[in-house]
Amino acid sequence: MDELWANAPEVVPSAGAFPVRVGEEWVATLCVSGLHDGKDHEHAVRALEAELGVAAPALGIQIS
């Protein structure tokens with residue numbers, strides 16, 4: 001294993017993924033990758049808003 005990652009934690013908190021739950025059950029994860037972390041997360045949130053017909057607070061990042 002690359003020495004850089006040898007001591008890395010198993011889970012690294014980062015934006016760009018969003019858990020999908022039905023009730024208390026975690027049923028899926030929506031992941032977006034390739035953009036700056038904040039923009040990844042903003043796209044994931046906006047896609048879920050459109051699909052579910054609900055609004056979530058913005059992170060304050062403009063998506064172009």
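The questions and answers that follow go from the overall fold to single residues.

Reader: What kind of model is this, and how are residues numbered?
Author: This is a predicted model, in which local features need pLDDT of at least 70 and side-chain atom pairs count only at pLDDT 80 or more, while totals for chains, interfaces and linings use all residues. Side-chain values use heavy atoms, with hydrogens and water left out, and residues are numbered along each chain as its sequence is written, from 1.

Reader: In what order do the elements of the chain run from the N terminus on?
Author: Helices (H or I, at least four residues) and strands (E, at least two) are DSSP runs, numbered from the N terminus. The chain has one helix and two strands. From the N terminus on, the order is β-β-α.

Reader: In what sense do E1 and strand E2 pair, and over how many bridges?
Author: Two strands pair if DSSP finds at least two bridges between them. Strand E1 covers residues 17-22, and strand E2 covers residues 25-31. Their pairing is antiparallel, over six bridges.

Reader: Which residue in the turn of the hairpin has a positive phi?
Author: E1 and E2 form a hairpin with two residues between them. The turn residue with a positive phi, of about 65°, is Gly-23.

Reader: What share of the 64 residues in the chain is buried?
Author: A residue counts as buried under 20% relative accessible area, as exposed over 50%, and as partly exposed in between (1.4 Å probe, protein chains only). Of the 64 residues in the chain, the buried share is 14%.

Reader: Is Gly-16 buried or exposed?
Author: Gly-16 lies in the segment before E1. Its C-alpha atom is 8.2 Å from that of Leu-30, 14 residues apart along the chain. Because its relative accessibility is 5%, Gly-16 counts as buried.

Reader: How far apart in space are Lys-39 and Gly-16, C-alpha to C-alpha?
Author: Lys-39 lies in helix H1 and is partly exposed, with a relative accessible area of 28%. In sequence, Lys-39 and Gly-16 are 23 residues apart. In space, C-alpha to C-alpha, the separation is 7.6 Å.

Reader: Which residue forms a salt bridge with Glu-42?
Author: Side chains of opposite charge can pair when their charged atoms come close. A salt bridge here is a side-chain nitrogen of Lys or Arg within 4 Å of a carboxyl oxygen of Asp or Glu. With the closest N and O atoms 2.5 Å apart, the partner is Arg-46.

Reader: Which residues are linked in a network of salt bridges?
Author: The count by this rule is two salt bridges. Besides its bridge to Glu-42, Arg-46 forms one with Glu-49, where the closest N and O atoms are 2.7 Å apart. Glu-42 is buried at 3% relative accessible area, whereas Arg-46 is partly exposed at 23%. The linked residues are Glu-42, Arg-46 and Glu-49.

Reader: With which residues is Glu-49 in contact, leaving aside its neighbours within four places in sequence?
Author: Glu-49 is found in helix H1 and is buried, with a relative accessible area of 13%. Contact means heavy atoms within 4.5 Å. Leaving aside those neighbours, the contacts of Glu-49 are Val-54, Ala-55 and Ala-56.

Reader: What is the volume of the largest pocket?
Author: On a 1 Å grid over the protein atoms alone, a pocket is an open set of points where a 1.4 Å probe fits, with protein on both sides within 12 Å along at least five of seven lines; lining residues have an atom within 4 Å of a point. Grid points are joined across faces, edges and corners, and the volume is the space filled by probe spheres set on the points. The lining includes Phe-18, Leu-48 and Glu-49, and strand E1 and helix H1 (37-52) each give two or more residues to it. The volume is about 180 Å³.
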